[in-house]
Amino acid sequence: MDVLLYLIPLAMCLAILALAGFFWALRNDQFDDPKGNAERILRDDD
Amino acid sequence: MSIVTAKTTPAAPHVDLSSYVTPQDDGKNALTLTVDGMHCASCAWRIESALNNEPDVKARVNLTTNRMVLAWNGAKERGNELVAKATELGFTFSPSDLVQSGNVSEEKFLLRCIAVAGFASGNIMLFSLGLWFATQASMGIGTRDLMHWASAIIALPAIVYAGRPYFSSAWNALRHFHTNMDVPISLAITLAAAMSLFETLRHGAYVYFDSSTMLLFLLLVGRYLDKKARGKARAAAQDLLSMMQGVATIREDNKTRTLPIRDIMPEMTLLVASGEKIAADGIVSSGVSDVDTSLITGETVPQRATPGQKLFAGMINMSAPLEITVSKASDQSLLADIVRLMENAEQGQARYIQLADKVAGYYTPVVHVLALVTFLSWLYLGIAWQKALLIATTVLIITCPCALGLAVPVVQVVASSLLFRKAMLLKSGNALERLATVDTVVFDKTGTLTLGQPKLTSGNNLQDVQLAASLAAHSKHPLSRSIHNAWNGELVKVDVQEEPGDGLSATYNGKRVRLGRRDWCGDMNSPKDDQLELWLNVEGEKPIRFIFSDALRPDAAELIRKLKSEHLHIVLLSGDREPVVRRTVEQIDITDYAAQITPMQKTEHIGTLKAKGRKVLMVGDGLNDAPALASADVSMSPSSAIDITQNAADIVFQGERLSPVLEAIHTARASVRLVKQNFVLSFLYNITAVPLAIMGEVTPLIAAIAMSSSSIIVILNALRLNRLKLN
């Protein structure tokens, strides 16, 4: 089970990347307008 | 060549918003505006496209908050042109306060805590899977310790970061020598984590980081959802307030100028264009028009406004320009009073202490004392302090109010989804508790007991209906719309002119045709009754009468009868005139009623009922009902109500029937029964488990299992709500 010694930290790094991504999205106001953004992707004219 | 006159929307008054413009970091000027009149996403896209087509302009509409951020290169005054352009599309814009931002940042804070707690509990769960399923022999101490340490490294920072909402609330309570539900939660999380860390350091066999972080995660999710629901209600009240910001036009010394609504003083002459909202309370000094009073009185039929007529802020001037002598400054207006009433009532509601919190008030100190006593007693009996701490923590875990904490919310969740399937939206869980004890039901009339849509009821000659509908198609008056809806066939082409305050006139087959009020084109000699009417007058012929009535909801009478049979006292409070209200109560057999009631009087009436010790359910739909809804013990509103009223109500129901009122009451009563059962079950569990833990017979592992099973039992009991027959 020695492989766990580097697998566990590796997995944790990946997970922290995901968490950082979420924090970035929050800071970037991505969650401010759920209704609007849901409809915006259906727009044709852009 | 005929000149085609386009049907224009009323010209937007020229407003000056430059005092609200803020410069942005990138050199652009920006305005934040509340948008009124958007029904759906396409409305938002129309606004955005129209504005983004202008050079150097960036407009973005937020559909969730109904706000628009408009940024442009150029002078501050350019904002006025841009807003005027957007107003021509048929929407109204008013400058918005940034007060909302405080609420949003709190929600974001909670989201961050949830993200961290979720990340931690998910990853620790992976380790726990291995730890709980393996034995020391198969895994080896080294691997087990590695996993313990990995869990510790993830859990401890996560708990410190994500537990802040609970720790700060618990600390606040303790500082004032109180306890609330957050105190045992914080204590349990902290102790479980501390104990687990301790076990990790001494190569112990079991750690509980997973319980700690998972508990925190689930609790945070609940807290976030609760906050979102409250935020929506608050936003609606602020939207109402923003209606009172913005600008209005006054006449001063034969010149007109615009000024912010909050600067309007009594004795000023206010100019209200057609289509514009009236900005302050006052008396009409010149002009004749129709005014939409629905925001204030709840009545769908516009009122005729002539010089000398009293009008209120929030009403909409429909057909022709009016001049109004202001009688009250805008923050003294009826509308401002209504908003203040609503806010006061909502604060009162927040002081309502839920049953769960009451129980927590007793339970938590007892639990803490018990754990402390256990710890000290075992020490006294000579046991090593680590073992004594373990036993004390086991006591704390096993008394951890999981089942108790779940007892109420889980029933609320099941009840919510049950009501949702019956087309009712339950906005706050504790509304169920309040609804179960109700003994008086107060109804509004228009839009609540009735459908709020006048329908043509006189059996008129089809030709007359066709002609009337052809004229009516050109008017937005609710009675015109009823006639228009009553005719499915083709319309005849007529050239229609609107006579403000009187009706519509046109020429057809060489004759002058009029559709309008009795005094203008009707038969003055025919008997007058209280029904809504319009008259069709073809030159040379006898005037023809159209009668409308606002129909009662199909099951209104039956509902009242059923409510009475359950010994509920029924009251009707309406802003409509006495004869109309009397006719309604005769049809549905209500004896306690009052007519021509103002919003203030409605709230007072409810206050009087509450002072007599009654528990009041209020059912209403208009803005004039919103303060009453907020001040009643519990409130319901139909989904046809305006946003602000829907947000003030605890339950919103869909559809034309009133039976949801009775179903909601039955569901509430059943829920309270189940909650009480759940409390009994959790206490039973505690009474058997706690003595065992104190005596040291229970390991933390068994404590965790017992806790989970008690929670499961409580959840299963709550699910029984779905199986009960509630009719």
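## Exercises on a predicted model

Chain A contains 2 helices and 0 strands. The structure is a predicted model.

**Exercise 1.** Determine what percentage of the residues of chain A count as buried, and describe the accessible surface of this chain.

*Solution.* Begin with burial: chain A has 46 residues, and 22% of them count as buried.

**Exercise 2.** State the strand order of the open sheet of 3 strands in chain B, and explain which strands stand at its edges.

*Solution.* The order is β11-β10-β13 in chain B, and the pairing is antiparallel. Strands β11 (303–305) and β13 (316–317) of chain B each have a single partner strand, so one side of each lacks a neighbour in the sheet; these two are the edge strands. Next, consider one pairing in detail: β10 (residues 289–292) of chain B is joined to β13(B) by 2 bridges. Within β13(B), Ile316(B) is the residue opposite Asp292(B).

**Exercise 3.** Locate His567(B) and decide whether this residue is buried or exposed.

*Solution.* His567(B) lies in the loop between α19 (556–565) and β23 (569–573) of chain B. Its phi is positive, about 65°, although His567(B) is not a glycine. The cut-off for an exposed residue is over 50% relative accessible area. His567(B) has a relative accessibility of 73%, and therefore counts as exposed.

**Exercise 4.** Give the phi of Gln596(B) and the loop in which this residue is found.

*Solution.* Gln596(B), which is not a glycine, has a positive phi of about 55°. Gln596(B) belongs to the loop between β24 (592–594) and α21 (599–611) of chain B.

Note on methods:
Residues numbered from 1 in each chain as written. Chains lettered and ligands numbered in written order. Predicted model: local features only at pLDDT ≥ 70, side-chain atom pairs only at ≥ 80, totals over all residues. Heavy atoms only, no water. Pairing = 2+ DSSP bridges. Helix = DSSP H or I, 4+ residues; strand = E, 2+ residues; numbered from the N terminus. Buried < 20%, exposed > 50% of the residue type's maximum accessible area, 1.4 Å probe, protein only. Areas by Shrake-Rupley, 256 points an atom, 1.4 Å probe, with all protein chains shown as cover.
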